[in-house]
Amino acid sequence: MLSAAATTTVVPTESTQQALGYPSLFLLVLIGALVPVVPTGALVSSAAVVAFHQTAPFALALVFVTASLAAFCGDAALYWLGRRGMRSKNGSRWLAAIRTRAPEERLAQAQEKLADHGTTVLVLSRLVPAGRIPVMLACLMADWPLRRFMRGNLPACLAWAVTYQLIGILGGSLFPEPWEGVVAAVALTVVISAAPSVWRRMRRTGPV
């Protein structure tokens, strides 16, 4: 009886986890969209693992809505700040941060694809690791208005949230304990995120 009571006092209830978890997920994904160093994909996958093991009927749906809304708001805010920087003589630190994360080669590719395929590129850029910033900068340089960017970015954020949530659901279904699923989901998202850069390095260092 004492051990059961102790467990009850230590382990938060599902309602407590949800009350703290969803606002935290929203805030972290929002920050990750503004400051592209936070592993937002791993956050969404981890939240999906926890939601998968909960008994609440709409837990996974709430993770999806929270993650996609936070990503959309963060992207819109970053794009708005970037447009302000483009119009300013001295630019802005947000625009400078965008530029530092968009190498000239990748920016040229993003501009070419954007000119050929339009808003479709926004969806793909959200799904490709490190692809979001070059395409966003290409949209800024093409002088897309904020409204046009937001229209194209909405399906991109929805597709991104679904993708990383499915990774979390996969991790949650493979392991009985939530923490095991979280570890698996984080490991998988890290591998996915690192794969493009590893592939580019292999191409550069390959045989002449």
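Contact here means that heavy atoms lie within 4.5 Å of each other. In this predicted model, isoleucine 98 is in contact with Leu78, Gly82, Ile133, Met136, Leu137 and Leu140, once its neighbours within four places in sequence are left aside.

Isoleucine 98 also belongs to the largest nonpolar core, which has 19 residues and in which Tyr79, Ile98, Leu137 and Cys139 touch the most other members. Helices H4, H5, H6, H7 and H8 each supply at least two residues of this core, and the largest share, seven residues, comes from H8. The table gives the residue ranges of these helices.

| Helix | Residues |
|---|---|
| H4 | 59–87 |
| H5 | 93–100 |
| H6 | 104–117 |
| H7 | 120–127 |
| H8 | 132–141 |

Which residues of helix H7 are buried? They are Val121, Leu122, Ser125 and Arg126, and because they cover an arc of only 135 degrees around the axis, they lie on the same side of H7.

Most residues other than glycine have a negative phi. Is aspartate 143 buried or exposed? Its relative accessibility is 53%, and because the cut-off for exposed is over 50%, aspartate 143 counts as exposed.

Definitions and conventions:
Residues numbered from 1 in each chain as written. Predicted model: local features only at pLDDT ≥ 70, side-chain atom pairs only at ≥ 80, totals over all residues. Heavy atoms only, no water. Buried < 20%, exposed > 50% of the residue type's maximum accessible area, 1.4 Å probe, protein only. Helix = DSSP H or I, 4+ residues; strand = E, 2+ residues; numbered from the N terminus. Arc of directions from axis to C-beta. Core = buried A, V, L, I, M, F, W, Y, C linked by side-chain atoms within 4.5 Å.
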